[in-house]
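Colleague: I am new to this structure. Could you walk me through it, feature by feature?

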Amino acid sequence: MSAVEPLMHHAEDQAADIEVVEEAVQMTPSTTVDETTKPRLNLKNGFNLIAYILNITLVYGVGNAGWLGTPDNGELSRKYQTIVTPASTAFSIWAVIFLAQGAWAVLQLLPRFRAHPMVQDGASYWYLSVVAMQIGWTLAFAYEVIPLSLAFMLLILLSLYGILYSQYNAKSDGSLSEFWILRFPFSVHAGWITAASALNVNVQVVAMEQPAYVQLAVAIVSLAALHAVSVWVLFVISRPNWTIACVLTWAFGWIYHELNINSDRIVDTFSADAIVGVKYAALAVAIIIPSQIVVRLALLVCTSYNPYKKVEKHQATSESINPEHKV
């Protein structure tokens, strides 16, 4: 028995060593497991990138470079100038829109974002609709089919608000990266297309060669409608869309600036009193909207008006009820 016992102890020691090694292997991160659990790219991710490339190529090529031999957007804007057409500098916001969406189109391919609810459930296939309608608008406006361009503009607006609505209801982590990378590109686009839709309505009226009083009436209603949108995005929805409100302020400011120039077409069409009235109305709203933003920010102090605090409170309650879920 004395010869067998050392062998048995040696075998037990080897078995214990094997168990320790197995536990260490299980605790060591496995490259194979990481690769299999990493979210995979899907059709939405691929279509988003392709759509962005088509969008910036065709919109710039047709609308600005005149690839089809048609007038560019600047020429057509002057041809169909309305009393609420902003100064040309206002359209530089397209640089922000395309840069932001370009970053989004690339970053949504990364493992961190490719399966994010703001991409898969928020943008979803809505972005394809945005691009298709925007290309349609570019072609219709280039060939001066103004009624069709208006229809496409409204469909762009509908598609963008489809994205915003879906993202509003999608699961959110509330991070700054989520906002700037996944949400901001569509909010700034929606804000500008909201203003552009009102402008396109006025362009339609000009294209129909309606008298000055009709153009003035439509312009006044348009300004009122845009201000109503600013009230809605700040005070009606529980989580304000600050971006849209800021973009509308930008649009109103450049409308005021343009009316200081007094182009020949505007001076020949409208009376001096009408021009001054619209000019200062635009300036007033450009001041009122930032004031509304300040008021809405001040209301965040009150918990009942602070949706972000409500979310934090809900998360804290959930963690206290389910402490095992707390990270």
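This is a predicted model: local features need pLDDT of at least 70, side-chain atom pairs count only at pLDDT 80 or more; totals for chains, interfaces and linings use all residues.

Colleague: How many helices and strands does the protein have?

Modeller: Helices (H or I, at least four residues) and strands (E, at least two) are DSSP runs, numbered from the N terminus. Here the protein has 15 helices and zero strands.

Colleague: What percentage of the residues is buried?

Modeller: Buried means under 20% relative accessible area, exposed over 50%, and partly exposed in between, with a 1.4 Å probe and protein chains only. Of the 327 residues in the protein, 40% are buried.

Colleague: What share of the contacts joins residues 24 or more positions apart?

Modeller: Contact means heavy atoms within 4.5 Å. Take the contacts with a separation of 6 or more: residues 24 or more positions apart account for 79% of them.

Colleague: Now the helix pairs. How are two packed helices described?

Modeller: By the angle between their axes and the distance between the axes. Axes are lines fitted to C-alpha atoms, for helices over the stretch in contact, and angles run from 0 to 180 degrees between N-to-C directions. Angles under 35 degrees count as roughly parallel, over 145 as roughly antiparallel, 65 to 115 as roughly perpendicular and the rest as oblique.

Colleague: At what angle do H12 and H14 pack?

Modeller: Helix H12 (residues 242-261) and helix H14 (residues 272-299) pack at about 155°, with their axes 8 Å apart. That angle makes H12 roughly antiparallel to H14. Their contact has 19 nonpolar, three polar and two charged residues. In these classes, Ala, Val, Leu, Ile, Met, Phe, Trp, Tyr, Cys and Pro count as nonpolar, Asp, Glu, Lys and Arg as charged, and the others, Gly among them, as polar.

Colleague: Is the crossing of H12 and H14 left-handed or right-handed?

Modeller: A crossing is left-handed if the near helix is turned anticlockwise from the far one by less than a right angle, and right-handed if clockwise. The crossing of H12 and H14 is left-handed.

Colleague: At what angle do H10 and H12 cross?

Modeller: The axes of helix H10 (residues 176-207) and H12 cross at roughly 40° and come within 8 Å. That makes H10 oblique to H12. This crossing is right-handed. Residues of H10 in the contact include Phe179, Phe184 and Trp192, and those of H12 include Ile244, Leu248 and Trp250. The contact of H10 with H12 divides into 11 nonpolar, four polar and no charged residues.

Colleague: And H11 with H14?

Modeller: The axes of H11 and H14 cross at roughly 5° and come within 10 Å. That makes H11 roughly parallel to H14. Among the residues in contact are Leu216 and His227 of H11, with Val278 and Arg296 of H14.

Colleague: On to single residues. Where is threonine 82, and is it buried or exposed?

Modeller: Threonine 82 is in the loop between H4 and H5. It is buried, with a relative accessible area of 3%. Threonine 82 and valine 205 are 123 residues apart in sequence, and 8.8 Å apart in space, C-alpha to C-alpha.

Colleague: What does glutamine 81 contact?

Modeller: Leaving aside neighbours within four places in sequence, glutamine 81 is in contact with Val206, Glu258, Ser263, Arg265 and Ile266. Glutamine 81 is buried, with a relative accessible area of 8%.

Colleague: Where does valine 206 lie?

Modeller: Valine 206 lies in helix H10. Its relative accessible area is 7%, so it is buried.

Colleague: What is the phi of glutamate 209?

Modeller: Near 55°, a positive value in a residue other than glycine. Glutamate 209 is exposed, with a relative accessible area of 71%.

Terms used:
Residues are numbered from 1 along each chain as its sequence is written. Side-chain values use heavy atoms; hydrogens and water are left out.
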